[in-house]
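Here's a quick tour for anyone meeting this structure for the first time.

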Amino acid sequence: MKTLSPASLRLDSIDIFRALTMLLMIFVNDFWTLTGVPEWMEHSNGPDDAMGLSDVVFPVFLFIVGLSIPFAIANRKSKGDSNGTILFHIGERTFALLLMGVFIVNFENIVSSGMWVNKYVWEILMVVAFFLIWNVYPNDPGKKSLYMGLKILGYLLLVGLAAIYKAGDEANPSWMGTHWYGILGLIGWAYLICAVIYFMAGDNLVFNVVGWLFLILFNIADFAGLLSFLDPVKDYVWIVGSGAMPAFTMAGVVASVIYRLYSKKNGITAAYLAILIILGIVCLAYGFGTRPFWGISKIRATPAWVGICSGIAFIVFAVLFWLVDLKKVKDWANMIKPAGTATLTCYLVPYVWYAVLTLIHFSLPVFLRTGIIGLVKSFCFALLVIIVTGLINRMGIRLKI
């Protein structure tokens, strides 16, 4: 068995894991265009004791967010960033994710007839604003003012879009609200909580595990009715998903902290794989053990969903670590690489794609959107989005927060 150098600052398996998850996320997010999708692949309904393939993707992505946190913060420290600078960056990233999340989730509630522009034009302009604000601009001192101007233009565009926004009933339109923050917003809250925990705990495994267990116990305590005394503040201050979302992320943090601790000594071999698999089995046991009480449900963020999806994430990461970092078999992932390194760009491309197709009234024939053929179409669409993301990157356009 090969051994990784203790000097390794990054694991290629994390980027490939992220790319695969994004490929799957775009794939399942395209199911709304299809008919005849197998039930086991779709999201399960909130009241059901069930979980489909689509219900696993987001938790795994949150796990990967956690995998990246220790490496990102350690990298900033190695560059000499102060604690204040690191905390500011954590806050900045959280703000960006929350802002984008709120705008995206509010788009879903727009009443087109109540605004000055078509809702799909509004959607495209929203994404354009995101790119203006969070694009990685070249390090050219002579154009610094230009790039700052583009960022300011992006914020002004968002202000304008918010000003003309109308939602709800046409007779009684309402303005933008936080609602459920959207996918990006949930990522933002989970990232904030777990990044701060790691920032304070560092590579202390005990403290990080305690943070992880707290979130898991908070989740189960809420379902057990032990937190009812907090109901008066629940609408104002609460952990997203009653601890479920950051629990996934904190599981990833723990996995990376274990790697960092072991690699500092003598590298990682089969021991790390065994730890990941054991953690995966423990999480699966916890998930199936709590299922009889509250069932499995993504919508309700039940303890069983947290445990089972965390277990899947640990085990899949173990397989990729073995294949990519130990065996060095990674060329197979070159095609989807942009999804792992320019993830936010990849996530936003479909919003423009769907909006443009709707505006020009384009729709594929029904037989291309049905059953197995439809699934092939959605998978090809996911690959196309990743290819487009790679092309955009080569043009010098890439989002980073």
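## D12 and K330

Let's begin with D12, which counts as partly exposed because its relative accessibility is 30% (partly exposed sits between buried, under 20% relative accessible area, and exposed, over 50%, with a 1.4 Å probe and protein chains only). D12 pairs up with K330 in a salt bridge, and their closest N and O atoms are 2.5 Å apart. D12 belongs to helix α1 (residues 12–29) and K330 to the loop between α11 (303–326) and α12 (337–341), so this pair ties together parts 318 residues apart in sequence. K330 is partly exposed as well, at 28% relative accessible area.

A word on terms: a salt bridge here means a side-chain nitrogen of Lys or Arg within 4 Å of a carboxyl oxygen of Asp or Glu. Helices (H or I, at least four residues) and strands (E, at least two) are DSSP runs numbered from the N terminus.

## How it was worked out

This is a predicted model, where local features need pLDDT of at least 70, side-chain atom pairs count only at pLDDT 80 or more, and totals for chains, interfaces and linings use all residues. Residues are numbered from 1 along each chain as its sequence is written, and side-chain values use heavy atoms, leaving out hydrogens and water.

## Other pairs

The structure has seven salt bridges. One of them joins K377 and D30, at 2.8 Å from N to O. K377 is in helix α14 (residues 371–394) and D30 in the loop between α1 and α2 (54–78), 347 residues apart. Both K377 and D30 are buried.

D222 and K234 form a salt bridge too, with 3.7 Å between the closest N and O atoms. D222 is in helix α7 (residues 205–223) and K234 in helix α8 (residues 231–234), so the pair ties together parts twelve residues apart in sequence.
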